[in-house]
Structures are given as C-alpha cells and as structure tokens.
Amino acid sequence: MQGLVLRTTGSWYRVMAADGTVTDCRLRGNYRLRGNKQTNPVAVGDSVEYAVQDDGTGVIADVCERRNYIVRKATKLSKQTHVIAANIDLLCIVASLGLPRTSTGFIDRLLVTAEAYHIPAMVLFNKCDLYDDELWQIHHDVAAIYQSAGYEVAAVSALTGYGIDELRHVLAGGTVLFTGHSGVGKSALLNAISPDLHLRVGEISDWSLKGKHTTTFAEIFPLPLGGTGTSYLIDTPGIKEFGMVDFGRDELSHFFPEMRAVLHGCRFANCTHTHEPDCAVKQAVADGTIHEERYHNYLNILESIEE
Ligand SMILES: Nc1nc2c(ncn2[C@@H]2O[C@H](COP(=O)(O)OP(=O)(O)OP(=O)(O)O)[C@@H](O)[C@H]2O)c(=O)[nH]1
Ligand SMILES: [Mg+2]
Ligand SMILES: [Zn+2]
C-alpha cells in the first residue's frame, strides 16, 4: 500500500492511506538509510510503501522519491541534518511582533532555506489583536520589507479570527508547513482555521515571555478547506534558533530574490556584495530597491558561513 506519513514519534510512523485508513507503522528492520547525514529517514509529508500485518500495525518498506523537503541542522555545530517535512507547497513562517517578538534575522534564515529548497514561503504575523498604533506602524514597516522582496505577508489573529477567512483561501488545496518560535500561535492558528482540531495551545510564561514548547512533534492535519480538495496543514514544534544548513559564500545572495534579480550586474561573478567594486547589490541597497534590513541580515548570515 501507499500512504502519507502524518506524524513520526520515536520509531513509530502514523501513515494514512488514500481511503483515509490510518496505520501505525515501523520501518522495515533492514531499511537502509540513504547516506547517514540525516537523523530521520522518514519525515511527515513523505509518501511511503507499507504493508499491514496481522496485528494491525504496518511495516514501511520504502520511502517514495520526494518532490522537495526542508531541513535544518540537528544542532548548531552538527553535521547531521533533520528533515522537518517533505513534499510541501508552502512554508508559512508564523511571526509575532507582540510577545514573543520575532526578529527579521530569524525570518530571513527561514526564507533563505525555503529558497534554497525551492519552497514558496510567506510570512504570517499573528496576534494582531494585541497591536496598538505603534505596533501597527511596526507591522507595516516590517511587512513592507517582505513585500518588496516579493513575499506574501498577512496580519492575522487566531484569537479574534481577523484575517482567517482570507488565510483559508491562501492555504486551500496545498500542503502547508507552519513554523516559527514557540508561543507565536502556530497551533492556535490551526485551531482558528479548523475549530474541530482542538490542538493544545500553550501559555506564555510571564517571567521570560517565551513560549513553552507545547507542540512536541510535527503532525499533518488533512482538512477540507474548500477549493480544490483536501488541504494538509502541518503543525510543528517551536524552534528557538534556526540551524541553517551551510551554503557557499557566493551562493547565498541567490536565495534573496531581490538580490538574485540584480546580481548579474555585479562586476565579479563570485561577488559577495561586501567589499567588491561595481556591485549591483550594494548599489540597489543605496538607492533603496533592496531594503537595508535584508542586506544587514544577509551580511550576518554570510558571517556565520565564514565561521
Ligand atoms: N492575543 C493573542 N494570543 C494568541 C493568539 N494566538 C495564540 N495566542 C496565544 O499564544 C500562546 C501560544 O499559542 P500556541 O498556539 O500554543 O503557540 P505555538 O506557536 O503553537 O507554540 P509551540 O507549540 O510551543 O511551538 C497561547 O497562550 C495562545 O492562546 C492571538 O492571535 N492573539
Ligand atoms: Mg504549538
Ligand atoms: Zn555584488
């Protein structure tokens, strides 16, 4: 049989067949890892071949080829990578400008990774019910950074339902991965989109104003959101720092769409857009076509590659 991996916990994989039947499976004992660089051979969103046994559990014999996938480093210094999910249509970066505040540096590391793995991405600012005039102003400023870079941005509130109808339309029909810091409201948003889900949402601990890592493993929820067929929304555990996989120094700017659009104008093909003369990227930053904050975050990521 063939099925979709809905969640993975320890050595168990929950797999859903096309008819909706769900089977808890293990990996075939002699399943060979394709290389040993990835800590998890099977991820949510994977399509797998499996057989159901007499006791009702299943055995996964093979993982079908992935259309795409997104990974992060298991730990900052680790060479091993963890596949967050496979076969996704949209990465939804959930951010919050209230508490906890999400930095543009964090958002940009996720966007760069999405670009590197050819996954469309958008930025969702949740908790806009908490905005006062000042926070709305900050929201518009930050939203403009990402809109000018070519990304879709939305302000929503899981609490009041603001923007949720529009969001349902954006998400309809696709497989969408929700990611972001703990406490930004990923699970609350899924509940707002589909109130029958009843996902557990956390409390914000007031001493740190940080999330409490309420969601502990990634899980796909198949939902009828209208439009064309089923949508597959993936809730994931909050991440503190995004351990980006390494890219080449002269590769990085290709993962900033607004830089990619101009870098053919640089004098040197391997321009890092730092010290080189006749740099089209630096020129675009100077004349305001590329936002300074994106360039600043580019430099920070570049520095982390050099280390
Ligand atoms: N005011 C307000 N609070 C919200 C909103 N969305 C979520 N919250 C609150 O924020 C807290 C965290 O929400 P969760 O949905 O658990 O956050 P999460 O991103 O899933 O966190 P992890 O599972 O730990 O990664 C909860 O107390 C929610 O009630 C919102 O739109 N407005
Ligand atoms: Mg959660
Ligand atoms: Zn350049």
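# Exercises on a predicted protein chain

In this predicted model, the secondary structure of the protein chain consists of 7 helices and 13 strands.

**Exercise 1.** Determine how the radius of gyration of the protein chain stands against the globule rule.

*Solution.* The chain has 307 residues, for which the globule rule gives 19 Å. The radius of gyration is 20 Å, close to that value, so the chain is as compact as a globular protein of that length. Along the principal axes, the C-alpha atoms fill a box of roughly 70 × 45 × 40 Å.

**Exercise 2.** State what share of the residues in the protein chain is buried, and what share of the contacts with a separation of 6 or more joins residues 24 or more positions apart.

*Solution.* Of the 307 residues, 36% are buried. Among contacts with a separation of 6 or more, 64% involve residues 24 or more positions apart.

**Exercise 3.** Compare the span of helix H1 with its expected span, and describe its burial.

*Solution.* Helix H1 covers residues 104-116, which is 13 residues. The expected span takes 1.5 Å times one less than the number of residues; this gives 18 Å, and H1 reaches 18 Å from its first C-alpha to its last. Its buried residues are Ile107, Asp108, Arg109, Leu110, Leu111, Val112, Thr113 and Ala114. After H1 comes His118, with a positive phi near 60°.

**Exercise 4.** Describe the shell around ligand 1.

*Solution.* The shell holds 25 residues, the closest being Ser182, Gly185, Ala188, Thr215 and Gly238. By class, there are 8 nonpolar, 12 polar and 5 charged residues. Helix H4 (residues 186-193) contributes the most, with 3 residues.

Conventions:
Residues numbered from 1 in each chain as written. Chains lettered and ligands numbered in written order. Predicted model: local features only at pLDDT ≥ 70, side-chain atom pairs only at ≥ 80, totals over all residues. Helix = DSSP H or I, 4+ residues; strand = E, 2+ residues; numbered from the N terminus. Buried ≥ 20, exposed ≤ 12 C-beta atoms within 10 Å, placed from the backbone. Rg over C-alpha atoms; globule rule 2.2 N^0.38 Å. Contact = placed C-beta atoms within 7 Å. Near = placed C-beta within 6 Å. Nonpolar A, V, L, I, M, F, W, Y, C, P; charged D, E, K, R; others polar.
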